[in-house]
Amino acid sequence: MEAKILEFAGILRGNGVRVSPAEVMDGLRAALVVGLGDRLAFKSALRSAMVKRAIDLPIFDEVFDLFFSGLGQAMGEIARQTQAALQLSEREFQELMEFIAKTLSRHSIEVSPLARALLQNDTGRLAQLLREAASQVGLDAISRPFQDGQYGYAIGEVLRLEGVREELAKIQQILAEMGAGDPVAAQAARLVERRLSDLNEMIRRLVRSEREMRHFAQRESLHLKSLTEKSFYYLTEDELRRMKEAVTRLAQRLKNAISVRRKRAHRGRVDIKGTLRASLQYGGVPFAIKIDRRKREKPQVVILCDVSDSVRNVSRFMLQFVYSLQDLYSRVRSFIFVADLGEITALFGENDINQAIDLALRGKVINVFAHSDFGRAFQLFYRDYIASVTRRTTVIILGDARNNYNVAHEWVLKEIRQRAKQVIWLNPESRSTWGFGDSEMERYMPYCDLVEECHNLKQLYGVIDRLVSA
Amino acid sequence: MFSSIEDVIDRFAKQKYICSRTIATVIYLASHLRKPVLVEGPAGVGKTDLGKVLAEALGRSLIRLQCYEGLDETKALYEWEYAKQLLYTQILKDKIGEVLAGAATLRQAVERIASEDNVFFSERFIVPRPLLRAILSRDPVVLLIDEIDKADTEFEAFLLEVLSDFQVSVPELGTIKANQLPLVILTSNNAREMSDALKRRCLHLYLDFPERERELEIVKLKVPGVSERLAAEVVDLVQSVRKLDLKKVPSISETLDWAKALMLLNIDKLDHEMVSSTLTALLKYEGDIRKAEQELKQYLQRARAKVGSAPASPPGGKDLLH
């Protein structure tokens, strides 16, 4: 059992689950305590000792089932399929196998262990033989689907499949000769024929489950990594969906980082009131110095998000971040604009994330099909909302600054900057194109504290990180 | 100590805690391997209760340490009672004078005081906090460390030392070792990820919302007198509401609150008005309630269609509205 659990731990590690040697030891000890009799208890025991992150639980469940019963289950399934194909009941199936065994001993035919196990549907023995063959050909090195055939063939060689085929053919022939007047024998002959293809199927299943088990998580993680570096402009539907998941996960990670950072703020000024209060206990001697460790005020954020067609994909992710982080900041006010400007803070408060973003992008708040006019949108912001910008506010503007040759009104930005703590501009276009054509980036840039190119998730993450640490 | 996994389930059931085989296995393991259990999961699935019930089931006393930001050793482990020490010195001034009477030099006086200093730094002047209490206890106890994710990472590191050997060193007293190993339950709401080192030392148990059957059992057990039908309807509805994308998903305790509220109002069959007027017991956000009402309408329609095909039952709850 030790070897089995060690191998299992190795496979978990291969799938990205962190299992330390100490945890493997615990798993072993736990397995000894609950025993092997109760499958669910055994699984729970291993899980509690070896898997410590909730996100790894699905991987564990999947791999456990494949590892500890994948083959057995597959064999049961295959046997049932055969039964169904030959239209046999469970009992008839058993009787038929007994009949074959009797016939064999009557004709005193010696058969190989594999053929015997196959004809008696001895799943334990079959599994053992298959596993032995698998370890001889080094099946644990399999990594790609196209290798299935090659490994399957190699296992067949080790099992001497050709010999088994001849044996079965001989038995089938004998049964067929008997079967001329005996329907049972005829049925048995069909069963023998069928079992050979069953064996092939078993080998195929074994190879496939082995591959899936070892690389259950691999594809997922590879995909995600390349995704963070892909530009927002070129995402497919499916990638958009995956990206959303990634963004949510990043937001979660960020939250953790922030809570840690806040807690690190351990130094502070001496809290006179607290120290005096504590000194009463020691007869007025300031024995214990109290320090004011009150948390820093959470930053306030105002976000202006361009949702015109040209930056639609990027806004989607920006909005998603805003939504995910709304409970992190004490005050987030979000606006979207094209030529008009509309506030979406309440919309985000009331609806769930996808609905809110869809509503925002579908033109419920403002006309999203107009031509971008940054100047006008800024002016509207100045007229209606400038009071919401205080010296604690971080203003984030997301847009490509392509103004369709309208008036830029950069004085609004200057005004905002004087009031705000900082102004950050995120531009999804690459830096080299700024200022060309109708891009007004050069005009706006002097009034921003930070201007960043932001067209993939990695850059967005970097920006948010800087925002949080500010 | 538990004799088997079934024994855990039985004894927990006696304390009115329905536990699945998975939970029972982990508890059984914890008691045999003497390892702490880290329980994670959403709010309101009975993480804290697990600790309380475990203590009851084993007939042990429960020592609870509630974690919060800024929790430190003096609150969790021990603290010297400076005030008491000062008071004693004041009162014992004369006695100290006697001790020092024959001392010729300052050095001698200091020597004498030093030889007596364990009078002041003794267990008499120590205030044991939960962790030390658990270690000092003569009888085995259950130590519940609640919401460990709220504590600082520094505290978590300190806790590691305690959890691995159940001994603490008090500089003035030396190392104190536990007489009896306590059973430790740690709970976490996942406000932050716990360190790997801590996780490695614990058995891990993830509690999720229960499946329909188990929740039904819980409702029937915890809300005595609830009719079979109401319980089933309540649980069905809660289960389907949980599938919605809500800000705060209703937990078991909210299911129970709601069932109790409906019981108080003497309802034995759900209808639309009744449900929407009591939905606040189940859901805590305006947006959630609005979303759930949609689901509700569909659910009740489905239920009515089902009832329509079955033999008609008198609409008992309906009359109450008039």
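A residue is called buried here if 20 or more other C-beta atoms lie within 10 Å of its own, exposed if 12 or fewer do, and partly exposed in between, with C-beta atoms placed from the backbone. The model is a predicted one, in which local features need pLDDT of at least 70 and side-chain atom pairs count only at pLDDT 80 or more, while totals for chains, interfaces and linings use all residues. Residues are numbered from 1 along each chain as its sequence is written, and chains are lettered from A and ligands numbered from 1 in the order in which they are written.

Helix H11 of chain B (residues 212-222) has B:Glu215, B:Leu216, B:Ile218 and B:Val219 as its buried residues. Viewed down the axis of H11(B), these fall within an arc of 160 degrees, taken over the directions from the helix axis to the C-beta atoms, and so they line one face of the helix. The cover over the buried residues of H11(B) includes helix H12 (228-242) and helix H13 (252-264) of chain B.

Strand E5 of chain B (residues 141-146) is largely enclosed by the rest of the structure, because six of its six residues are buried. Both of its faces are covered, with B:Val141, B:Leu143 and B:Ile145 buried on one side and B:Val142, B:Leu144 and B:Asp146 buried on the other. Pairing, which requires that DSSP finds at least two bridges between two strands, links E5(B) to strand E2 (residues 61-66) of chain B in the parallel sense over six bridges; here B:Ile63 has B:Leu143 as its bridge partner. E5(B) also pairs with strand E8 (residues 183-188) of chain B, again in the parallel sense, over four bridges, and B:Leu144 is partnered by B:Ile185. In the loop between E5 and helix H9 (153-165) of chain B sits B:Glu147, which has a positive phi of about 50 degrees although it is not a glycine. B:Glu147 is partly exposed, with 18 other C-beta atoms within 10 Å.

A nonpolar core is taken as a set of buried Ala, Val, Leu, Ile, Met, Phe, Trp, Tyr and Cys residues joined through C-beta atoms within 7 Å. The largest has 100 residues, of which A:Leu12, B:Val37, B:Leu54, B:Ile185, B:Leu186, B:Val219 and B:Val234 touch the most other members. H2(B) gives the most to this core, with seven residues. Leaving aside residues up to four places away in sequence, B:Val37 touches B:Val26, B:Ala30, B:Ile185, B:Leu186, B:Cys202, B:Leu203 and B:Leu205. A second, separate core of 51 residues includes A:Val301, A:Val302, A:Ile366 and A:Val423.

Where the chains meet, 27 residues come from chain B and 29 residues from chain A. On the side of chain B, helix H2 (21-33), helix H5 (82-91), helix H10 (196-201) and strand E9 (203-206) each supply at least two residues, and H2(B) gives the most, with seven.

Turning to chain A, an open sheet of six strands runs in the order E3-E2-E1-E4-E5-E6, with mixed pairing. Strands E3 (341-343) and E6 (450-453) of chain A stand at the edges with a single partner strand each, so one side of each is left without a neighbour in the sheet. Within the sheet, E1(A) and strand E2 (residues 331-337) of chain A run parallel and are joined by seven bridges, and A:Asp306 has A:Phe337 as its bridge partner in E2(A). A:Ile303 lies in strand E1 (residues 300-306) of chain A and counts as buried, with 22 C-beta neighbours inside 10 Å. Not counting residues up to four places away in sequence, A:Ile303 touches A:Val322, A:Val332, A:Ser334, A:Phe335 and A:Ile396.

Note on methods:
Two residues are in contact if their C-beta atoms, placed from the backbone, lie within 7 Å.
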